[in-house]
Amino acid sequence: MDGSSSGIQEPFDLIRLSLSERVFVKLRGDREMTGILHAYDGHMNLILSDVEETIMIVNEGEQATVNVAKRKMDMLFVRGDGVILVSPPSRT
Amino acid sequence: MSSLQGYVDRRVLLILQDGRAIVGVMAGFDQKSNVVLSDSKERVYSMEDGVEEIPLGLYLVKGDMIILIGELDETLDQAVDLASIRAEPIPPIRPFPSLAVNELLVLLDFPYIIFQTRVIP
Amino acid sequence: MLIFSVFKTLTDQQVTVELKNDLSITGVLKSVDQFLNIRLDNITVLDEARHPHMMAVKNCFIRGSVVRYVQLPAEHVDTQLLEDATRREAQNQMKR
């Protein structure tokens, strides 16, 4: 699938081609998640299913440690103003 | 905002961006969800003492500052003994941290994205 | 517009709104507007012992801009329909 046949012209096309695939989303507040992408809009509002969210809780101090919390959600709306990046599934 | 219409003349709880909780009777609102409260009081929560109510009187609250408006069930609310409640204040909404370096590091962690946008014809 | 429509189809369903101050509120979705401001009925706050501030609140209006997530009832979301609608909206954006 090259760019000309799939019609990639702008960044949002990369997200469009990830519809119904598992994507990685990085969010503000040291959060990230993966989920299957079902909808998005120009604000990067997203609707994902089968979501696993990871929250990094940084304990600052002499020896800074990071606690990681995970949780799962069936169907989730994510408000676009918290989205830093959306990455398509890795094709290895 | 039509969805605030139902709250006029009702006793409401406002939660603000900085975590403050204010109760009062909604006297009015406008399309920017600016709200006028009459007979309003701030409820100050702490772990050491019971809830303190500070009278504010007639108050205009800017819509941008409001995160939530809740209708109070007056019988339920009056049944609560505020002096016995110990709770942390509601957390404020953190302003977004500034970007730049942070964002750049994020991108470097995911070279896949940069590669993908380069192959665009 | 697309997301707004999705929320409209979910009126009268139970949702959980998570705010940017980490407060989670579950309730029945009564209405939504173009800013994604949300009205919930019959609400409960997650971990009410730690957050007694809203004990006497039965319904509320939440400003769209302070929402982080909304957990939706998966059985009431047609994912195929969503993807088709999203592709259509993306197409319309391109033509502009």
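Me: Which residue of β5(C) does F77(A) stand opposite?
Reply: The model is predicted, so that local features need pLDDT of at least 70 and side-chain atom pairs count only at pLDDT 80 or more, while totals for chains, interfaces and linings use all residues. Residues are numbered from 1 along each chain as its sequence is written, chains are lettered from A in the order in which they are written, and side-chain values use heavy atoms, without hydrogens and water. Strands are DSSP runs of E of at least two residues, helices are runs of H or I of at least four, and both are numbered from the N terminus. In β5(C), the residue opposite F77(A) is V70(C).

Me: How many bridges join β4(A) to β5(C)?
Reply: Two strands pair if DSSP finds at least two bridges between them. β4(A) and β5 (residues 67–71) of chain C run antiparallel, and the bridges joining them number three.

Me: Which residue in β4(A) is the bridge partner of S49(A)?
Reply: Within chain A, β3 (residues 46–59) and β4 (residues 65–78) run antiparallel and are joined by 13 bridges. They form a hairpin with five residues between them, and G61(A) in the turn has a positive phi of about 155 degrees. In β4(A), the bridge partner of S49(A) is M75(A).

Me: How much area do chain C and chain B bury between them?
Reply: Contact, meaning heavy atoms within 4.5 Å, involves 23 residues of chain C and 31 residues of chain B. Buried area is the accessible area (1.4 Å probe) that two parts lose on being put together, summed over both. Of the area buried here, 65% lies on carbon and sulfur atoms, and the value is about 2300 Å².

Me: Which residues of chain C lose the most area to chain B?
Reply: Together they account for 31% of what the chain C side buries, and they are H53(C), F61(C) and R63(C).

Me: Which element gives the largest share of the side of chain C that touches chain B?
Reply: The elements giving two or more residues to that side are β2 (24–32) and β4 (57–62) of chain C. The largest share, six residues, comes from β4(C).

Me: Which residue in β4(C) is the bridge partner of I69(B)?
Reply: β5 (residues 66–72) of chain B pairs with β4(C) in the antiparallel sense over five bridges. In β4(C), the partner of I69(B) is F61(C).
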